[in-house]
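Trainee: Hi! Could you walk me through this one?
Mentor: Happy to. Have a look first, then ask away.

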Amino acid sequence: MNDQLFIKLQDFRASLNAAFLEREHIVDGLLATLLCKQSAFRLGAPGTGKSDLVRAICNGIQDAKCFGYLLTPTSDPAEVFGPVAVSKLLADEYTRDVEGYLPTCNIAFLDELFRGSSAILNSLLTLLNEHTFNNGKDTIQTPIQSIISATNSWPEEESLQAFADRFIFRPEVQFLSGKASKSILDQWALGIQSRPEVGVHLTLTELGELQEAAQQVEISENFLNDYSTLWETLGTNGIVISDRRRVQILKFLKAWALVQGDTQLSADHFHSSLVHMV
């Protein structure tokens, strides 16, 4: 990765942190999620800026297509994946007009994810796992880089917990706690100060270059030993993860290291990251 591209990434990161107070680890995690082409959801009460942050990230990438939707138990798959193509239905072909809907976007934000119907969640599984969408007889390779969702409560149903396992980064978003942060927020609201604008920092091509750079982050034998020891220790305390998640976390950590400006993984990268994944 060249120095200019790294500077662009860090400028993007700094702009997000300036506009979203007390969200440093969440900003880093969402950027890392994008860089490893995985997905995230955030747990938090309404009014914590969950959707605003996703929009800012999407708007910060030139020409990125963003799709957002609030899911409810009565949401129809057509509202997320596109309406059935009537003209083709008359020819006994069941396909959807997906243009402008989730299968054609780069970044998706699904609010209240776990309230979605089983028909929507089942279709999302393939998108999450393989970034493909089954449109009738055809399988579409989607341009989706990441699906980011939000929820106010952790699902209790076992089937939904298995679904949640597909989301690598799962931070809990709190209300602002610092007095200075609250004061700045009040001044933004009253117009005493202007809230910093995030602006455009990357292109989709540059995002792809950063994703390739994340794959090149080095992993030493010592780190892999530390990684194995970590899960053994957590396992003795009743914290067990799936084999799929173990591999996903390793890929995420490489992207996390790149966001921090490092070219090699170390045990230090466990701090401030694993707490949002395990």
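**Chat about a predicted model**

Mentor: Let's start with Ile168, which is found in the loop between helix H7 (158-164) and strand E8 (172-173). Helices (H or I, at least four residues) and strands (E, at least two) are DSSP runs, numbered from the N terminus.

Trainee: Where does this model come from, and how are residues numbered?

Mentor: This is a predicted model, where local features need pLDDT of at least 70, side-chain atom pairs count only at pLDDT 80 or more, and totals for chains, interfaces and linings use all residues. Residues are numbered from 1 along each chain as its sequence is written, and side-chain values use heavy atoms, with hydrogens and water left out.

Trainee: Okay. Is Ile168 buried or exposed?

Mentor: Ile168 is buried, with a relative accessible area of 0%. Buried means under 20% relative accessible area, exposed over 50%, and partly exposed in between (1.4 Å probe, protein chains only).

Trainee: What does Ile168 touch, leaving aside its neighbours within four places in sequence?

Mentor: Its contacts (heavy atoms within 4.5 Å) include Thr33, Gln38, Arg245, Ile249, Phe252 and Met277.

Trainee: New topic! Which residues touch the most other members in the largest nonpolar core?

Mentor: Leu16 and Leu35 do, in a core of 53 residues. A nonpolar core is a set of buried Ala, Val, Leu, Ile, Met, Phe, Trp, Tyr and Cys residues joined through side-chain atoms within 4.5 Å.

Trainee: Which element gives the most to this core?

Mentor: H11 does, with 8 residues. Leu16, for its part, touches Val27, Leu31, Leu53, Ala56, Ile57 and Val198, not counting residues up to four places away in sequence. There is also a second, separate core of 24 residues, with Leu110, Leu113, Leu127 and Leu160 among them.

Trainee: Why would such side chains be buried together?

Mentor: In soluble globular proteins, nonpolar side chains tend to be buried together.

Trainee: How about pockets? How much space lies in the largest pocket?

Mentor: About 280 Å³. On a 1 Å grid over the protein atoms alone, a pocket is an open set of points where a 1.4 Å probe fits, with protein on both sides within 12 Å along at least five of seven lines; lining residues have an atom within 4 Å of a point. Grid points are joined across faces, edges and corners, and a volume is the space filled by probe spheres set on the points.

Trainee: Which residues lie nearest its centre?

Mentor: Of the 15 residues lining the largest pocket, Lys37, Gln38, Leu128, Asn129 and His131 lie nearest its centre. H11 gives the most to this lining, with 4 residues.

Trainee: And the second largest pocket?

Mentor: The second largest pocket has a volume of about 220 Å³. It is lined by 14 residues, and the closest to its centre are Arg23, Thr48, Gly49, Leu176 and Leu185.

Trainee: Last one: where is Thr142?

Mentor: Thr142 sits in the loop between strand E6 (138-141) and E7. It is buried, with a relative accessible area of 7%. A polar atom of the Thr142 side chain lies 2.8 Å from the backbone oxygen of His131. That is a polar contact: a pair of N or O atoms within 3.5 Å where, within protein, one must be able to donate a hydrogen and the other to accept it, and residues adjacent in sequence count only if both atoms are side-chain atoms.

Trainee: Thanks, that helps!
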